[in-house]
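User: I would like to learn how to read packing in a model. Please take me through it feature by feature.

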Amino acid sequence: MLFEVWAPRARDRVTLELTGERHPLARDAERPGWWTAVVPAADGDRYGFALDDGPPLPDPRARRLPDGPDGLAAVVDHDTYTWRHPTPRLRLRGGVVYELHIGTFTAEGTLDAAADRLGELAGLGVTHVELMPLCPFPGVHGWGYDGVAPWAVHEPYGGPAALKRFVDTAHGLGLGMVLDVVHNHLGPDGNHLPSFGPYFTESHHTPWGAAVNLDAPGSDEVRAYFLGSALAWLRDYRIDGLRLDAVHALADTRALTFLEELSAAVDELSREQGRRHFLIAESDLADPRTTAPRAAGGLGVHAQWNDDFHHALHTALTGESQGYYADFARAPLAAVAKTLTRVFFHDGTYSAFRGRHHGRPVDRERTPAHRFLGYAQTHDQIGNRATGDRLSASCPPGLLACAAALVLTGPSVPMLFMGEEWGATTPWMYFTDHTDPELAEAVRQGRRREFAAHGWAAEDVPDPQSPATRDRSVLDRAERDRDPHKRLLAWHRELIALRRTLPDLTDPDLAAVKVAYDEEARWLAFRRGDIRVAVNLSPEPVSIPLGSNGRDRVLAAWSRTDPPGRDGVLKLPPESAVVLTDG
């Protein structure tokens with residue numbers, strides 16, 4: 001077996017420690033900084049690399065870390081797994097994405113336990129399951145964004161074999177798989193990459209310290225490291241797409257950006273395999289160039305999250321106006337209308353929160369709606385609140401039904417966060433399991449200071465290091481059997497079924513979406529082809545001048561609602577939503 005490692009910081013030698021035996025590596029004459037050796041090895045054998053007189057460290061490209069980030073790597077032979085199901089050929093257009101966190105989706109917090117629940121998601125009607133990051137981090141429980149080994153699977157979740165079983169099960173149910181990956185930083189605990197080479201650079205400052213080295217000396221190899229990791233998920237684990245965390249935080253000044261390289265490599269892999277791999281970016285830039293084709297001067301990423309839609313919808317539902325919600329709260333229904341038709345609320349407009357103009361307009365004539373994901377809740381927007389409270393904590397069931405109608409019938413690709421489909425009341429809080437006591441205390445106190453600035457008492461902010469914080473975040477499926485949760489679950493199934501059967505609801509033409517609203521009366525209605533959707537966010541009934549051609553039919557309604565009368569007026573009950581057709 002070939003063992004190789006990029007270790008330009010080794011002065012004189014690199015030694016392979018394999019199952020207790022030591023083997024010297026030789027410099028690679030063709031690749032500066034690389035060391036190689038061919039040594040017999042089998043699946044599961046433990047190994048590490050010792051640089052000069054240092055201790056053995058895990059392979060930066062380790063596929064498995066059975067003892068955690070500070071332990072030795074283990075050989076993984078991907079050919080030992082026999083795949084049972086073919087990969088479904090699914091596209092994002094027409095899809096419904098479901099974001100979930102393995103550690104809290106079930107009480108067991110493992111991939112195998114989550115796989116046993118995938119039939120529920122297939123029954124719900126979603127098409128793609130998006131897993132939050134799976135890379136190893138210290139401890140057992142965490143969000144995954146402090147991962148330190150981008151090629152490996154967190155061992156407490158079940159390791160590489162469990163991920164293959166999960167993906168195989170999903171594909172057998174006709175579900176596509178998306179994995180959240182982090183390229184903008186690595187966690188501070190258990191990160192051994194700096195010992196090997198210039199994986200980070202002080203040329204740029206980021207919220208996490210030194211930036212991942214995408215443009216300084218040595219960055220060619222660092223880019224290859226992260227590109228190879230991304231392609232390995234798609235190739236070795238048959239994952240269909242990747243969600244790219246916070247691409248706006250990638251410090252990259254090179255003419256050919258990392259994102260362009262990555263999108264080109266993914267497109268090439270798709271051609272080689274005859275599959276439809278894709279990338280979904282999380283970006284705070286409100287820049288349509290992120291998803292514009294590379295040939296048109298864009299980065300070639302296939303889709304991106306649209307936080308502007310979330311912020312507009314959240315303010316309309318809750319009335320919150322703090323922080324970044326302030327820009328949207330001045331006229332929340334106008335903001336929802338704009339994000340339904342023009343995608344970005346900030347498309348070159350002034351942002352009071354940022355103190356500057358922000359964003360760029362989307363070309364609605366050329367940009368398909370499935371370039372964007374729309375949602376009412378995500379892990380970020382719930383977990384980054386002080387107590388991890390969901391919309392269900394502040395909105396009655398009728399408003400949750402309105403949110404579902406806007407997300408699941410809107411022009412963007414809908415995304416749900418786990419439990420949202422039944423209005424879960426379990427919080428989803430920020431939790432960590434740092435093994436370094438000083439880091440653990442720093443995280444605990446930093447969280448309290450952050451929310452103290454917003455008026456929260458320290459004792460009211462959950463301790464992220466407490467096991468109880470994670471445990472309280474686990475879904476309670478017993479809720480689904482009682483109202484209003486049972487009714488909300490049926491409502492989500494009904495809306496998803498409409499989206500899958502009515503072509504107008506997956507029409508990519510943004511310019512064809514027509515919206516009307518009344519800010520004071522708190523109603524909004526929009527048309528997509530023959531389909532009309534109306535929501536009433538008010539606690540009072542409203543009359544909406546919808547118009548009528550005499551052929552109106554109600555396809556779905558949260559509360560009993562009749563089609564518009566001869567006068568074209570739709571009478572919509574309080575906190576209710578309706579989907580109609582006049583075709």
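Analyst: Start with a helix on a sheet. Helix α15 (residues 485-501) lies across β22, β25 and β27, running at about 135° to β25. Contact means heavy atoms within 4.5 Å. Axes are lines fitted to C-alpha atoms, for helices over the stretch in contact, and angles run from 0 to 180 degrees between N-to-C directions. Helices (H or I, at least four residues) and strands (E, at least two) are DSSP runs, numbered from the N terminus. This is a predicted model, where local features need pLDDT of at least 70, side-chain atom pairs count only at pLDDT 80 or more, and totals for chains, interfaces and linings use all residues. Residues are numbered from 1 along each chain as its sequence is written, and side-chain values use heavy atoms, with hydrogens and water left out.

User: Which other helix lies across β22 and β27?

Analyst: Helix α12 (residues 397-409) does; it also lies across β23, running at about 155° to that strand.

User: How do I read the sheet itself? In what order do the five strands come?

Analyst: Strands of a sheet pair through backbone hydrogen bonds, either parallel or antiparallel. Here the order is β21-β22-β23-β27-β25, the sheet is open and the pairing is antiparallel. Pairing takes at least two DSSP bridges between two strands. Neighbouring strands are turned by 15° against each other on average, direction ignored. Between β23 (residues 531-536) and β27 (residues 576-581) there are six bridges. Val535 stands opposite Ala577 in β27.

User: How do I describe two packed helices?

Analyst: Give the angle between their axes and the distance between the axes. Helix α6 (residues 219-236) and helix α7 (residues 258-273) pack at about 35°, axes 10 Å apart. Residues of α6 in this contact include Phe226, Leu227 and Leu231; those of α7 include Leu262, Val266 and Leu269.

User: Why is helix α10 largely enclosed?

Analyst: Eight of the 11 residues of α10 (residues 332-342) are buried, so the rest of the structure largely encloses the helix. Buried means under 20% relative accessible area, exposed over 50%, partly exposed in between (1.4 Å probe, protein chains only). Among the buried residues are Leu333, Val336 and Leu340. Their cover includes α8 (307-318), α9 (326-329), β21 and β22. Just after α10, Val343 takes a positive phi of about 75°.

User: Is Thr104 buried or exposed?

Analyst: Thr104 counts as buried because its relative accessibility is 0%. Leaving out residues up to four places away in sequence, Thr104 touches residues including Trp428, Phe431 and Arg470.
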